[in-house]
Amino acid sequence: MAKEIRITDNFMFATVMKNENICRPFIERMLGISVEKIEYLEREKDLRADPFSKGIRLDVYVKDSNRVFTLEMQCSNRKDLSLRTRYYQGLQDISFLDKGNLYRHLPESYILFICLFDLFGKELPVYTFENICSEDQRILLNDKCRKVFYNVNAWEKETNPERRALLEYFFGAAANDELTRAIDEQVSITQNLRQWRKEHMTVEQEIQLQASYAYDDGFSHGISQGISQGISQGAHDAKVETAKILLANNVEPSIVLKSTGLTAEEIENLKNNA
């Protein structure tokens with residue numbers, strides 16, 4: 001019997017949110033705003049400032065006429081989530097300014113993290129951040145940026161009944177209203193698609209699998225050379241061997257960079273010489 005996959009699975013979340021009839025009301029309910037018809041909706045969008053900079057892969061990237069919404073499902077606390085929002089915001093802005101837009105044309109931006117943990121440890125269901133003046137907190141910077149972190153573990157403390165229903169569903173409860181039932185139905189349909197299950201071997205899982213094989217082979221090769229060249233060289237060779245295997249399996253160079261610690265130039269050379 002196939003393993004049940006829930007909405008909190010990153011790949012499932014990204015797939016379900018491809019459905020505009022789910023994604024739009026989801027955003028509206030989570031933020032308490034009205035969203036116009038979505039102009040475009042992208043799953044696992046890749047953003048980077050240039051080919052050699054650190055890229056990010058977003059679960060869901062949505063835009064209406066004057067706002068941008070990034071939705072991320074976060075299952076584990078990597079401790080750097082707050083800093084990641086800073087980088088996310090910068091790359092989003094660059095993607096718009098590259099088109100020749102003026103600063104005043106930058107859209108209103110929302111970065112949403114649905115977390116299965118309490119990032120800030122205060123047992124709040126929602127943490128919303130805007131830039132304000134330290135000396136007078138009545139003064140907002142008005143840079144049109146908001147970062148919102150949802151703690152599904154504190155769903156019982158959410159006073160808004162519609163948002164509470166969503167947080168409770170993500171916590172693991174049964175669907176109990178129209179939107180959560182629509183999400184649950186889409187989850188059931190999706191996980192029963194053979195092709196989707198095949199694709200469910202996510203990039204992260206592929207990296208773990210390939211990297212484990214590559215590390216064994218590459219490290220052994222590196223150590224043999226390291227006998228004469230030093231352990232440092234051997235460790236570097238292990239990283240190179242890992243990178244070669246990942247690139248051969250069509251893993252994105254940005255992910256190879258993150259996985260191996262090699263420089264962008266080294267990875268580009270390996271890619272060109274493959």
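Trainee: Before we start, what should I keep in mind about the numbers?
Mentor: This is a predicted model, so local features need pLDDT of at least 70 and side-chain atom pairs count only at pLDDT 80 or more, while totals for chains, interfaces and linings use all residues. Residues are numbered from 1 along each chain as its sequence is written, and side-chain values use heavy atoms, with hydrogens and water left out.

Trainee: How many helices and strands does the protein chain have?
Mentor: We take both as DSSP runs, numbered from the N terminus: helices are H or I with at least four residues, strands are E with at least two. On that basis, the protein chain comes to ten helices and six strands.

Trainee: And what share of the residues in the protein chain is buried?
Mentor: Buried means under 20% relative accessible area, exposed means over 50%, and partly exposed is in between, with a 1.4 Å probe and protein chains only. The protein chain has 274 residues, and the buried ones make up 42%.

Trainee: Where is Asp 64, and is this residue buried or exposed?
Mentor: Asp 64 is in the loop between strand S2 (56-63) and strand S3 (67-74). Its relative accessibility is 0%, so Asp 64 counts as buried.

Trainee: Which backbone nitrogens does the side chain of Asp 64 reach?
Mentor: We're after polar contacts here: pairs of N or O atoms within 3.5 Å, where within protein one must be able to donate a hydrogen and the other to accept it, and residues adjacent in sequence count only if both atoms are side-chain atoms. One such nitrogen is 3.2 Å from the side chain of Asp 64 and belongs to Asn 66. The other lies 2.9 Å from a polar atom of that side chain, and belongs to Arg 67.

Trainee: Leaving aside neighbours within four places in sequence, which residues is Asp 64 in contact with?
Mentor: Contact means heavy atoms within 4.5 Å. With those sequence neighbours set aside, the partners of Asp 64 are Val 35, Glu 36, Lys 37, Glu 39 and Phe 69.

Trainee: Which residues of S3 point the opposite way from Arg 67, Phe 69, Leu 71 and Met 73?
Mentor: In a regular strand the side chains alternate between the two faces of the sheet. S3 is mostly covered, with eight of its eight residues buried. Arg 67, Phe 69, Leu 71 and Met 73 point one way, and the other way go Val 68, Thr 70, Glu 72 and Gln 74.

Trainee: In which sense do S4 and S5 each pair with S6?
Mentor: Two strands pair if DSSP finds at least two bridges between them. Strand S5 (residues 126-129) has four bridges to S6, with Phe 129 partnering Lys 147.
Mentor: Helix H5 (residues 178-191) has 14 residues and reaches 20 Å from its first C-alpha to its last, close to the 20 Å expected at 1.5 Å a residue, where the expected span is 1.5 Å times one less than the number of residues. Buried in H5 are Leu 179, Thr 180, Ile 183, Val 187, Thr 190 and Gln 191. They line one face of the helix, because seen down the axis of H5 they fall within an arc of 95 degrees, taken from the directions from the helix axis to the C-beta atoms.

Trainee: Which residues are exposed on the other side of H5?
Mentor: The buried residues of H5 include Ile 183 and Val 187. On the other side, the exposed ones are Glu 178 and Glu 185.

Trainee: At the start of H2, which residue's side-chain oxygen reaches the backbone nitrogen of Asn 21?
Mentor: Helix H2 covers residues 20-31, and its end C-alpha atoms are 16 Å apart, which agrees with the span its twelve residues should have. The oxygen comes to within 2.9 Å of that nitrogen, and it belongs to Asn 19.
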